[in-house]
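Visitor: I am new to this structure and would like to be shown around it. Could we begin with the terms that are needed?

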Amino acid sequence: MSEESTILLGAASLDIYKADGRILPGGGCLNMAYHWRQLGLPHLFLTRIGLDGAPVFHDFFRQHQIAYLPESLVGNGRTSSIDIAVLPGGQIYMDNFVEGVLADFRLTPSEEALVAQAERVHAVLVDSVAREVHRLAGRGMWQRPFLSADFLDFRHFTLEQFATIMPLVDLGFIGWPGALDDPLLPRLRQIVFDLGRLLVVTLGSRGVWVWDGRSQPQAHVFPVEAVPVQGSTVGCGDAFIAYFLAEFWRGGSLEAAVAQGKLGGKMATAWQRPLPDAAYKTMRLREFRS
């Protein structure tokens with residue numbers, strides 16, 4: 001399997017920890033790129049950063065042998081960023097996402113050609129990436145690649161937006177932090193079933209739902225063994241998806257993919273940051289006080 005057969009599409013951003021002023025390379029796609037390298041899954045990471053973040057990300061990519069396109073990595077503008085707060089009990093809160101250079105994110109013709117020939121693409125749907133997924137759909141891009149997409153915690157999506165992008169997606173993920181009896185959830189499930197798609201809803205320690213509309217619509221519930229959070233939950237969702245997809249694409253069953261996803265998510269609870277400290281050990285870290 002070549003690197004170009006699997007493509008990660010999304011943001012590489014600076015994670016800003018307001019409590020101690022530390023800035024680290026981050027973003028859901030970057031975290032997944034790290035996990036896939038650990039799992040031996042070749043892939044190509046398509047993203048944009050600003051010139052200000054180039055030393056940080058070049059170091060990280062080199063350290064972990066993450067494939068990217070040097071000629072299109074750096075765009076005009078500042079690197080995107082997000083604020084992260086670690087709450088009591090290891091829960092995290094992310095806010096104040098700044099698009100920066102991603103505000104006008106658009107694939108180059110050479111990047112489009114790579115996506116068109118890929119076997120699978122995983123997109124993390126911050127606003128700018130969601131817009132690009134729609135634009136590429138207008139060019140018939142999603143006829144060949146298997147498209148999976150992370151809707152994050154769904155805070156920035158409406159039901160109407162979901163209904164327009166889910167027809168393009170073969171497999172979606174939502175990290176749902178809200179109430180399990182929220183009336184939005186059965187409406188999302190019905191859209192998935194009507195489209196014949198697959199959606200995985202992770203609920204933290206409350207379990208995992210899989211809504212499978214590919215043949216006869218089925219809703220699966222997988223329990224999760226609650227574990228003490230030694231670090232934080234900031235990297236659990238990305239680790240779950242990375243491990244899930246690696247198993248699913250190898251031909252594993254839904255049950256096997258969920259089991260692997262839970263293993264990845266459980267592992268991430270031991271880390272204070274999205275990745276283990278060793279992942280950042282050779283980085284040229286920048287610190288500030290706000």
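Guide: Helices (H or I, at least four residues) and strands (E, at least two) are DSSP runs, numbered from the N terminus. This is a predicted model, in which local features need pLDDT of at least 70 and side-chain atom pairs count only at pLDDT 80 or more, while totals for chains, interfaces and linings use all residues. Residues are numbered from 1 along each chain as its sequence is written, and side-chain values use heavy atoms, with hydrogens and water left out.

Visitor: Which elements each supply at least two residues of the lining of the largest cavity?

Guide: They are E4 and helix H3 (70-73). A cavity is a set of points, on a 1 Å grid over the protein atoms alone, where a 1.4 Å probe fits but cannot get out; lining residues have an atom within 4 Å of a point.

Visitor: How much space lies in the largest cavity?

Guide: About 30 Å³, the volume being the space filled by probe spheres set on the points, which are joined across faces, edges and corners. The lining consists of Phe45, Leu46, Thr47, Tyr68, Leu69, Ser72, Leu73 and Glu111.

Visitor: Threonine 47: buried or exposed?

Guide: Threonine 47 is buried, because its relative accessible area is 2%; buried means under 20%, exposed over 50% and partly exposed in between (1.4 Å probe, protein chains only). This residue lies in the loop between strand E4 (44-46) and helix H2 (54-64).

Visitor: What does the side chain of threonine 47 reach at 3.0 Å?

Guide: It reaches the backbone nitrogen of alanine 12.

Visitor: Changing topic, which residues touch the most other members of the largest nonpolar core?

Guide: Trp36, Phe45, Phe244 and Leu245 do, within a core of 48 residues. Helix H8 (residues 236-249) gives the largest share, nine residues. A nonpolar core is a set of buried Ala, Val, Leu, Ile, Met, Phe, Trp, Tyr and Cys residues joined through side-chain atoms within 4.5 Å.

Visitor: And where does arginine 155 lie?

Guide: Arginine 155 is in the loop between strand E9 (146-150) and helix H6 (159-165). It counts as partly exposed because its relative accessibility is 41%. A polar atom of its side chain lies 2.7 Å from the backbone oxygen of methionine 94.

Terms used:
A polar contact is a pair of N or O atoms within 3.5 Å; within protein, one must be able to donate a hydrogen and the other to accept it, and residues adjacent in sequence count only if both atoms are side-chain atoms. On a 1 Å grid over the protein atoms alone, a cavity is a set of points where a 1.4 Å probe fits but cannot get out, and a pocket is an open set with protein on both sides within 12 Å along at least five of seven lines; lining residues have an atom within 4 Å of a point.
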